[in-house]
Amino acid sequence: MAELILRIRYDSVESLIDLTRTLDTAAKLGFRKCSIFQADGPRRAMGGQNTALTQLVTKFLEKHPFELKFNALRLSIGSIGLSSFAQIAGNLGRCPYLTTLMLAGNALTNPAIAHLASARLTFLASLDLADNLLTSRSALLLSACPWDYLAHLSVGGNKIGNRGVGFLAKSRWARLKYLYLEEAGLTNDGMKLLVRGNWPRLQCVDLSSNCLDDQGFKQLAHNNWSKAYQIIIKNNVFS
């Protein structure tokens with residue numbers, strides 16, 4: 001798979017101009033995967049919004065909605081403002097080949113997820129929302145999405161808690177294979193809800209760094225995941 005990887009400086013106008021040209025060229029060359037990073041990394045920019053960059057990405061998606069060959073898009077640009085993300089999410093639904101969306105570490109909040117949930121991501125198979133600012137409300141919004149092809153979901157590093165896990169367990173993602181819930185604020189009560197998830201193809205669940213003890217571990221015996229072969233439980237409070 002041909003991949004376009006762009007690392008830009010947070011405060012460089014020249015980089016933004018070069019990025020515009022590069023993205024336009026990439027659309028014509030048929031790249032299948034695009035990754036856009038901040039040079040300083042997303043965590044260092046949590047305090048501010050890279051408005052210029054998000055507006056540029058928005059314009060790019062508006063300009064090339066039907067000729068884009070991307071089936072994977074990764075945005076890791078710090079803090080994306082709500083209005084900017086609303087525009088980005090609206091245009092993602094117009095990208096006909098998009099199956100993989102990576103949005104980890106962008107300080108996204110519940111309203112942003114509402115916009116993402118309303119996008120028509122018909123063939124979405126992999127979604128990475130790790131290390132954002134999501135709560136149980138986001139989990140509720142995600143669980144209602146009719147993503148029939150979703151196989152990979154990562155919401156680790158977001159304090160969705162037991163309630164959020166319960167919402168995810170009510171989803172109808174029959175093709176879900178990988179679920180990452182590390183550092184999600186999950187306790188034994190949440191495990192009782194999680195094991196009810198009707199995910200017949202589930203193979204891997206990451207429950208690392210939560211608040212589970214021996215009683216929570218025993219709940220795993222009641223799951224509906226006949227094909228699960230890897231359940232990661234490190235850094236909990238087992239005896």
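A search of the whole structure finds zero disulfides, a disulfide being a pair of cysteine sulfur atoms within 2.5 Å. Two cysteines may be mentioned here. Cys 145 has a relative accessibility of 5% and counts as buried; Cys 204, at 3%, also counts as buried. Buried means under 20% relative accessible area, exposed over 50%, and partly exposed in between, with a 1.4 Å probe and protein chains only.

Colleagues, some conventions before I continue. This is a predicted model, in which local features need pLDDT of at least 70 and side-chain atom pairs count only at pLDDT 80 or more, while totals for chains, interfaces and linings use all residues. Residues are numbered from 1 along each chain as its sequence is written, and side-chain values use heavy atoms, with hydrogens and water left out.

As to confidence, the mean pLDDT of the chain is 83, and 76% of its residues reach 70 or more; pLDDT is the predictor's confidence in each residue, from 0 to 100. Over residues 41-48 the pLDDT is below 50, and this stretch has 14 contacts in the model beyond near neighbours in sequence. Contact means heavy atoms within 4.5 Å.

Turning to the overall architecture, the chain has eight helices and nine strands. These are DSSP runs, numbered from the N terminus: helices are H or I of at least four residues, and strands are E of at least two. Of the 239 residues in the chain, 50% are buried. Among contacts between residues at least 6 apart in sequence, 84% join residues at least 24 apart.

The whole structure has one salt bridge, defined as a side-chain nitrogen of Lys or Arg within 4 Å of a carboxyl oxygen of Asp or Glu. Lys 192 forms a salt bridge with Asp 189, with the closest N and O atoms 4.0 Å apart. Both residues lie in helix 7, three residues apart, about one turn of the helix. An α-helix has 3.6 residues a turn, so residues three or four places apart point the same way. Lys 192 counts as partly exposed, at 40% relative accessibility.

Finally, two individual positions. Asn 91 is in helix 3 and is buried, at 5% relative accessibility; beyond four places in sequence, Asn 91 touches Thr 58, Leu 61 and Glu 62. Ala 228 lies in the loop between helix 8 (214-219) and strand 9 (230-232), and is partly exposed at 27%. Leaving aside neighbours within four places, Ala 228 is in contact with Leu 202 and Gln 203. The C-alpha atoms of Ala 228 and Gln 203, 25 residues apart along the chain, are separated by 3.8 Å.
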